[in-house]
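Subject: Structure handover

Hello,

Here is the structure I promised to pass on. Please open it alongside this message.

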Amino acid sequence: MMREWATVVSWDRGVATLHTEAKTTCNSCSARKGCGSQMLNKLGPKNAHVMQVNSDKPLQPGQRIELGIKESSLLSSALMVYITPLVGLFIGAGLLHYWFNTDLASAGGALIGGVGGFFIAKLLSKTMGEKLSFQPVILTVALGPDQLRVDSVHPSHSSL
């Protein structure tokens, strides 16, 4: 099971809104300047995700919880998102090349098939995302921010 810690933003009628921060290893890698992943991380969102998860327990804003999702769900989602446009690209290129027998038709078919595969993946992801096995579950609930109290004890000044 893949695990990730999240912070509760709000809880209302059994639904918790959570904030997670995606962790990348780019800061500890020595190949930062020539790495494509580092460039993509700079272009993308600032590593913050907001999601909603069902929770029977009332949660408080600021409380930390550990989420889990099955590896099989994560792998099948990734496979669908990457493979569907790729298969569409090959099918589109092959069909238009078969019908028109030109390289320009192949390139156009590849473009149309890739974009079509992307939209098919988007529709499938909405359907798959509603299944219970693809939903994250709460594994651990940490103490709330007002449930932990720390008293600092100053040593008393005693006179000799």
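Below are the findings on the annotated spans, a helix pair and a pocket.

Please keep in mind that this is a predicted model.

The annotated spans come first. An unreviewed UniProt entry carries the annotation "transmembrane region" for residues 79–100 and 106–124. In the model, residues 79–100 are 100% helix and 0% strand. The C-alpha atoms at the ends of that span are 31 Å apart. Residues 106–124 are also 100% helix, with 0% strand. Here the end C-alpha atoms lie 26 Å apart.

Next, the helix pair. Helix H2 runs over residues 71–100, and helix H3 over residues 103–129. The two pack against each other with their axes 6 Å apart. How are they oriented? The angle between H2 and H3 is about 150°. Angles over 145 degrees count as roughly antiparallel, so H2 is roughly antiparallel to H3. Their crossing is right-handed. Sorted by class, the contact of H2 with H3 has 14 nonpolar residues, 13 polar residues and 1 charged residue.

Last, the second largest pocket. Its space comes to about 160 Å³. Which residues line the second largest pocket? The lining consists of Gln-52, Val-53, Asn-54, Leu-132, Gln-135, Pro-136, Val-137 and Ile-138. Two strands each supply at least two residues of this lining: E3 (48–54) and E5 (137–141). Which element gives the most to the lining? That is E3, with 3 residues. By class, 5 of the lining residues are nonpolar and 3 are polar.

Then go to E3 (48–54) and E5 (137–141) for the pocket lining.

Best wishes

Methods:
Residues are numbered from 1 along each chain as its sequence is written. This is a predicted model: local features need pLDDT of at least 70, side-chain atom pairs count only at pLDDT 80 or more; totals for chains, interfaces and linings use all residues. Side-chain values use heavy atoms; hydrogens and water are left out. UniProt positions are given in the numbering used here, feature names are shortened, and annotations may be inferred rather than shown by experiment. Helices (H or I, at least four residues) and strands (E, at least two) are DSSP runs, numbered from the N terminus. Axes are lines fitted to C-alpha atoms, for helices over the stretch in contact, and angles run from 0 to 180 degrees between N-to-C directions. Angles under 35 degrees count as roughly parallel, over 145 as roughly antiparallel, 65 to 115 as roughly perpendicular and the rest as oblique. A crossing is left-handed if the near helix is turned anticlockwise from the far one by less than a right angle, and right-handed if clockwise. Ala, Val, Leu, Ile, Met, Phe, Trp, Tyr, Cys and Pro count as nonpolar, Asp, Glu, Lys and Arg as charged, and the others, Gly among them, as polar. On a 1 Å grid over the protein atoms alone, a cavity is a set of points where a 1.4 Å probe fits but cannot get out, and a pocket is an open set with protein on both sides within 12 Å along at least five of seven lines; lining residues have an atom within 4 Å of a point. Grid points are joined across faces, edges and corners, and a volume is the space filled by probe spheres set on the points.
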